[in-house]
Amino acid sequence: MLHRINLPNCLPALEWIVQLQTDLLTALCSNAVDQAQVTLNWVITQLPGLPPNWVISFCSWAIEGASILERMQNIAALPVATKHQLLQHFNNNLQYIDAFDHAKNPPATRRLEHGMPHNADKKYRDFLEIFYDPVFYRSKGYPVDTDGNINGATRFHKDIFLDRCHKINDDLRVCPLCDGSLDGSQVDHWLPKKHFPELSCQPHNLIEICQACNSRSNKGEKSTLTNGDATPFEDWFHPYLRPANGKFTIRIELKGVPQLQGGNAHDAIRLSNLDSLINLQSRWAKEYRTQIKRIEGKIRGCKRRGATFTTNSLKSLIEDWRDAVQDQIGLETHAMLEQSVLSLASDENSHLFAEFFDFAVS
Ligand SMILES: [Zn+2]
């Protein structure tokens, strides 16, 4: 989140989904409920006020051979102590946004343990992930409007969420993480739903990013916290709760490798973690070469139109380009990096100015 982003104004609908998860998991984990009790009628009774037709469809949707009802039965069948453990984990991790507020002291957020007895971790994940995929997809959706009011006539789904994201962030048309193109963008779970399934629909955990950032070789399913730490988010930025914008400059080394630099030691660690998460430095090193070619292309265009260059005229031209690109930050792909390259090149003592000058007079 090199760029600041705003939460979409459909939070009540997303919070409604989290409450639905909470209500169902709490009921399934209660001492008195076992597998045999979890029938379609039982689920309808647990969710008063919801359109029964939607609840019936919800229970019957099947993914990888198991319906949502069967997934609920699998949770209910677990030993009581295991169910309590899962419910506590769920409630602890749902408080994760409080960790970014120093006045609060929530329990430490942790990844779901692997290899729990009775396959409990898999059953828990299998149940909670479906609230995102497939139920949050357009073909299904939740029976609420964007204000979180139950409405049998409408469905809330991912496309509406994305539409609201675009409307509230209409001054941002690039990837908030890397400043690259948002073409083919995807909704990312900041804390991956594989390890944090309880955050599959949590509003602060959903962010639209570019395909490259979301790919397996970059962010993929990497965790954006220091697991096991008492304060696991201390060394991390967060798209909504602790964005990096305004807390870094871009330094370009002699070899042409752009680097994020933080103002203080805390931010330097967070920037380093962000960089490793999405491999920003190596991706920007490639983009840097593209920027150099673009600037050379602009100089070539000036030469073609008959311009001749002195140190002062080239410096003045580069300064104009630098100032013009400032307004494009957030709107044009990699304008942030272009601005940094042009800032460096506008210094007539820099190696970059010397390179462009040689190009201009050759
Ligand atoms: Zn990106």
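This is a predicted model: local features need pLDDT of at least 70, side-chain atom pairs count only at pLDDT 80 or more; totals for chains, interfaces and linings use all residues.
**Stop 1: a strand pair.** Select residues 186-189, strand S3, together with residues 206-209, strand S4; the two pair in the antiparallel sense over four bridges. Pick out Asp188 and look across to its bridge partner in S4, Ile207. Now show the side chains of S4. In a regular strand, side chains alternate between the two faces of the sheet. Here Leu206 and Glu208 are on one side, Ile207 and Ile209 are on the other, and all of these are buried, which leaves both faces of S4 covered.

**Stop 2: two helices.** Next, select helix H11 (residues 311-326) and helix H12 (residues 335-345), whose axes are 9 Å apart. The helices pack at an angle of about 155°, and because angles over 145 degrees count as roughly antiparallel, that is how H11 and H12 run. Their crossing is left-handed. To see the contact, colour Ile318, Trp321, Arg322, Val325 and Gln326 of H11, then Ala335, Glu338, Gln339, Leu342, Ser343 and Ala345 of H12. These contact residues comprise six nonpolar, three polar and two charged.

**Stop 3: backbone details in loops.** Go to the loop between helix H6 (120-129) and helix H7 (158-168), where you will find Pro134. A cis peptide bond links Asp133 to Pro134, with omega about 20°.

Which residue sits in the loop between strand S1 (62-63) and strand S2 (66-67)? Glu64 does, and its phi is positive, about 50°, although Glu64 is not a glycine. Glu64 counts as exposed because it has 6 C-beta neighbours inside 10 Å.

Finish at His118, in the loop between helix H5 (80-94) and H6. His118 also has a positive phi, near 60°, and is exposed, with 12 other C-beta atoms within 10 Å.

Terms used: Residues are numbered from 1 along each chain as its sequence is written. A residue is buried if 20 or more other C-beta atoms lie within 10 Å of its own, exposed if 12 or fewer, and partly exposed in between; C-beta atoms are placed from the backbone. Two strands pair if DSSP finds at least two bridges between them. Axes are lines fitted to C-alpha atoms, for helices over the stretch in contact, and angles run from 0 to 180 degrees between N-to-C directions. Angles under 35 degrees count as roughly parallel, over 145 as roughly antiparallel, 65 to 115 as roughly perpendicular and the rest as oblique. A crossing is left-handed if the near helix is turned anticlockwise from the far one by less than a right angle, and right-handed if clockwise. Two residues are in contact if their C-beta atoms, placed from the backbone, lie within 7 Å. Ala, Val, Leu, Ile, Met, Phe, Trp, Tyr, Cys and Pro count as nonpolar, Asp, Glu, Lys and Arg as charged, and the others, Gly among them, as polar.
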